[in-house]
Amino acid sequence: MISPVSPMPRSAHRQRPEATPYVDLTRAEWSALRDKTPLPLTADEVERLRGLGDVIDLDEVRDIYLPLSRLLNLYVGATDKLRGALNTFLGEQGSQSGTPFVIGVAGSVAVGKSTVARLLQALLSRWPEHPRVELVTTDGFLLPTRDLQERGLMSRKGFPESYDRRALTRFVADIKAGKDEVSAPVYSHLIYDIVPGEKLTVRRPDILIVEGLNVLQPALPGKDGRTRVGLADYFDFSVYVDARTEDIERWYLNRFKRLRETAFQDPSSYFRRYTQVSEEEALDYARTMWRTINKPNLVENIAPTRGRATLVLRKGPDHTVQRLSLRKL
Ligand SMILES: Nc1ncnc2c1ncn2[C@@H]1O[C@H](COP(=O)(O)OP(=O)(O)O)[C@@H](O)[C@H]1O
Ligand SMILES: CC(C)(COP(=O)(O)O)[C@@H](O)C(=O)NCCC(=O)O
């Protein structure tokens with residue numbers, strides 16, 4: 001049996017009482033694993049990648065995201081070798097080259113997944129081995145508002161059943177299979193709906209990042225009760241962005257306040273009506289959205305998938321990552 005090689009002296013890792021496939025690391029332990037990975041981003045570039053309300057600076061990039069970029073680069077190389085071995089075994093039948101490496105990024109609404117995903121895209125594309133890194137968010141596969149209304153799902157937006165899961169899985173499967181061009185619908189937060197006629201096209205990336213609430217959900221069983229291949233089966237690596245529910249709620253409400261002063265002012269914004277009422281009334285509405293949609297979705301659907309991730313990033317109340325769990329088995 002191959003025993004996992006621990007990157008830190010054993011004593012440096014806090015041991016969990018029960019057997020676990022994860023190694024737990026503090027921020028300091030993790031940041032020491034950066035090795036000599038250079039910092040390829042400026043403060044301005046980091047600022048541009050930062051989501052509304054997210055706190056991220058060059059220290060955070062250096063301590064958290066450079067070690068992750070190094071780890072992923074090692075993973076991409078090792079996965080390539082593994083595919084080579086499989087191709088040797090399969091001979092002609094296996095001769096597929098240039099299979100993209102697929103990374104899933106999961107977590108609650110407002111936890112900051114999109115900043116993590118954009119940072120990874122920027123950092124990974126600086127490695128000469130894999131310059132073409134595409135990022136796709138799963139909101140493009142939400143059912144259009146008309147369909148959600150017909151199915152009574154408007155108050156379940158973001159729940160697994162509010163997506164066209166089959167189309168999403170097919171989209172990633174096609175990219176992984178090496179199709180030249182694969183297209184997805186586009187979602188707009190402004191109109192709170194799929195944009196009619198708009199498409200996002202992905203062309204043979206080296207790495208694909210798939211970010212969304214439900215990317216680690218297991219596949220639904222087929223009508224015959226048999227297990228189907230699900231989205232996460234196509235992932236070579238996955239990250240779950242974690243934080244205390246109370247912190248995420250505060251980030252959600254603060255972001256709603258900030259959006260009310262910015263994006264919601266746009267005449268075509270779905271949320272424009274909340275710029276016409278008092279801040280307290282608007283926040284009451286946001287609290288209701290959190291309590292009735294986003295929190296139940298986190299508790300019932302998203303958090304239970306945390307244990308499927310390769311890496312869990314645990315944020316503290318100020319958005320900085322404080323602890324990490326990396327799957328070693
Ligand atoms: N109502 C909205 N209007 C405009 N932008 C929004 C709205 N809701 C969320 N966003 C933006 O969409 C992105 C994804 O948000 P979300 O799904 O909550 O994930 P996360 O905060 O984990 O990245 C973020 O960059 C966020 O700022
Ligand atoms: C669009 C979302 C479902 C997130 O989509 P994702 O890209 O994670 O699939 C979410 O941001 C959202 O709008 N939720 C509905 C409730 C709300 O507006 O807060």
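Predicted model: local features only at pLDDT ≥ 70, side-chain atom pairs only at ≥ 80, totals over all residues.
Visitor: Is strand E2 (residues 101-107) largely enclosed by the rest of the structure or exposed, and how many of its residues are buried?

Guide: Phe101, Ile103, Val105 and Gly107 point one way from E2, and Val102, Gly104 and Ala106 point the other way. Residues on both sides are buried. Strand E2 is therefore largely enclosed by the rest of the structure, the count of buried residues being seven of the seven.

Visitor: Which residue in E7 is the bridge partner of valine 105?

Guide: Strand E2 is joined to E6 by five bridges, and the two run parallel; in that pairing, valine 102 stands opposite leucine 208. E2 also pairs with E7 in the parallel sense, over five bridges. On the E7 side, the partner of valine 105 is valine 239.

Visitor: Which parts of the chain does the salt bridge between arginine 83 and aspartate 236 tie together, and how many residues apart are they in sequence?

Guide: The side chains of arginine 83 and aspartate 236 meet at 3.1 Å, N to O.

Visitor: What separates aspartate 59 and arginine 62 along helix H3?

Guide: Aspartate 59 and arginine 62 form a salt bridge, with 3.2 Å from N to O. Aspartate 59 is partly exposed at 44% relative accessibility, and arginine 62 is partly exposed at 28%. Because the two residues are three residues apart in helix H3, their separation is about one helical turn.

Visitor: Is glutamate 60 buried or exposed, and what is its relative accessible area?

Guide: Glutamate 60 forms a salt bridge with arginine 27, the closest N and O atoms lying 2.8 Å apart. This pair links distant parts of the chain, with arginine 27 in helix H1 (residues 27-31) and glutamate 60 in helix H3, 33 residues apart. Arginine 27 counts as buried at 17% relative accessibility, under the 20% cut-off. Glutamate 60 is likewise buried, and its relative accessible area is 2%.

Visitor: Which residues are joined into one network by salt bridges that share partners?

Guide: A search of the whole structure finds 21 salt bridges, among them the one between arginine 27 and glutamate 60. Where salt bridges share partners, they join into one network Arg27, Glu60 and Asp63.

Visitor: Which helices each supply at least two residues of the lining of the largest cavity?

Guide: The structure holds one cavity of 30 Å³ or more, and about 50 Å³ of space lies in the largest cavity. Its lining includes Glu60, Tyr65, Thr115 and Val116. The helices that each supply at least two lining residues are H3 (58-90) and H4 (113-124).

Visitor: How many residues in the lining of the largest cavity are charged?

Guide: Asp54, Glu60 and Lys315 are among the residues that line the largest cavity. By class, the lining has four nonpolar and three polar residues. The number of charged residues is three.

How values were computed: Residues numbered from 1 in each chain as written. Chains lettered and ligands numbered in written order. Heavy atoms only, no water. 1 Å grid on protein atoms, 1.4 Å probe; cavity = no way out; pocket = protein on both sides within 12 Å on 5 of 7 lines; lining within 4 Å. Points joined across faces, edges and corners; volume = space filled by probe spheres on them. Helix = DSSP H or I, 4+ residues; strand = E, 2+ residues; numbered from the N terminus. Nonpolar A, V, L, I, M, F, W, Y, C, P; charged D, E, K, R; others polar. Salt bridge = Lys/Arg side-chain N within 4 Å of Asp/Glu carboxyl O. Buried < 20%, exposed > 50% of the residue type's maximum accessible area, 1.4 Å probe, protein only. Pairing = 2+ DSSP bridges.
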